[in-house]
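Visitor: I'd like to talk through some aromatic contacts with you. Could you show me the model?

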Amino acid sequence: MAGIGFELRKILKKNTLFSYLEAYGLAAVIGSGPWALSIIALLLIGIVSIGRIFPTDLIIQFLVMVTYLMAASLILSGFFQLMLTRFISDLIFQQRANDIVPNLVGCMLVMSSLTFTAGFGISLITELEQSIEITMISGLVVLSNLWIIIVFLSGMKQYYKIIFTLAAGYTIMVGGSLLFPTNGLLGLLQIFVGSQALITFTLLIFVFREFKFQRLVMFEFLDRKKAFYSLAFCGLFYNLGVWVDKFVFWFYPDVSFNVISIFRASYIYDLPIFIAYLAIIPGMAVFLLHMETDFAESNEKFYDAVRTGSSLDDIYLYKDKMVMDARNSLYQIFKVQGITLALLLLWSERILQLLGIDLAYLHLLYVDLVGVSLQVLLMALLNVLFYLDKRYISLFLITLMMALNFGLSWLSVQLGPQFYGYGFAIAMLVSTLIGIAFLNRKFARLEYETFMLQRS
């Protein structure tokens, strides 16, 4: 999300009611737009198509296979997202803008090779039709590169281009699946992958038009002396940690069923958790608006004061302002997400009835809503730690979250239905509390570590 603060500050300077609405709206869309649009588009295909255009079983197979594509692409591309963003930020700081596009293309080539190899390996055990396997491999390659480009353009402050392109691409996907005759499951998958490819290449055109370059491909972002591999593992483990509880439920036979080939789904867990994730949109809006404006600005002033040799009193003043902005941002996120959570807990029964979902899912939805709300707070804490360049603390927190989510989710499956979802929620709670403790300690030692531990 680096860079969005500049755009949000520019909007807020207008100091009108509409400007505040615009800022919150932009923050919400940027923070949750890509996955929210994809979920909504897939739900629309399912709602409109089931029983009318395609058989129910076919739509379920399509949605499950696309979910696996989303999960795999986010996890695999997570290794490069933060590392590449940080490397490109360093290039901009060094005034080496001509090397940005070549390194992005190099990253996409590495990403394509990795995902093709992974997809081909998985296809050897799926026993699907060859045409479907080829489409799935293509989808994995395209989606993985799409997440890389979106992160890149977010860092370059090309927010409106991202959102409008995504909206247009998903509109084409929904319209294509409903209007054009398709060849069953293969046809639906081809429309999905084709739409993602259209989005990816459109965004890539924006990149090539925006930045000048003299070489097409560079792999400097992999240089161990210049790259931050701790950030690579942060991205990988975070995405894996977010999905690992779903994998536990998908592949535990007592709570899941086989959909097609090796692809499984959980008839108990899937609906509540995906509905719950839509509840983090308000929290994400507040998260970006406050973290990337107030806190980001005070953080920049503090480190500028350190670099330019300001007086110790000024440095202490900027540090206190940064700590206050961080705490205020976390409080605002807690307040807004807490209100959202309370309202959704009150309305959960009506939401399930409106969607035609059995009320047996209600308790699990309650637990998942609490879990995803805690996840927003954890993301905010990690964001502050990244600003403070506490990469190894962030990696520890993310690894802890991943391990707890896996272990406690597996334990909840063993204990029975009344414990489902608690593994995810407790993992987020413990990680958040430990993150708060770490952040308090780092703020207390910030001056010492800034001046005395720079070599580390």
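Guide: Happy to! A residue counts as buried when its relative accessible area is under 20%. Keep in mind that this is a predicted model.

Visitor: Is Trp250 buried or exposed?
Guide: The cut-off for burial is a relative accessible area under 20%. Trp250 has a relative accessible area of 1%, so this residue is buried.

Visitor: What kind of pair do the rings of Phe80 and Phe221 form?
Guide: Their centres are 6.4 Å apart. Planes over 60 degrees apart count as edge-to-face. The planes here stand at 70 degrees, so the pair is edge-to-face.

Visitor: How many residues apart are Phe80 and Phe221?
Guide: Both residues are buried. Phe80 belongs to helix 3 (residues 56–93), while Phe221 is in the loop between helix 7 (184–210) and helix 8 (229–250). The pair thus links distant parts of the chain, and the separation is 141 residues.

Visitor: And which kind of pair do Trp243 and Trp250 make?
Guide: The ring centres are 6.2 Å apart. Planes under 30 degrees apart would be stacked and those over 60 edge-to-face.

Visitor: Which ring does the charged end of Arg86 sit over?
Guide: A charge over a ring has to be within 6 Å of the ring centre. The charged end of Arg86 is 4.2 Å from the centre of the ring it sits over, that of Phe228.

Notes
Residues numbered from 1 in each chain as written. Predicted model: local features only at pLDDT ≥ 70, side-chain atom pairs only at ≥ 80, totals over all residues. Heavy atoms only, no water. Phe/Tyr/Trp six-rings, centres within 6.5 Å; stacked < 30°, edge-to-face > 60°. Helix = DSSP H or I, 4+ residues; strand = E, 2+ residues; numbered from the N terminus. Buried < 20%, exposed > 50% of the residue type's maximum accessible area, 1.4 Å probe, protein only. Lys NZ or Arg CZ within 6 Å of the ring centre and 35° of its normal.
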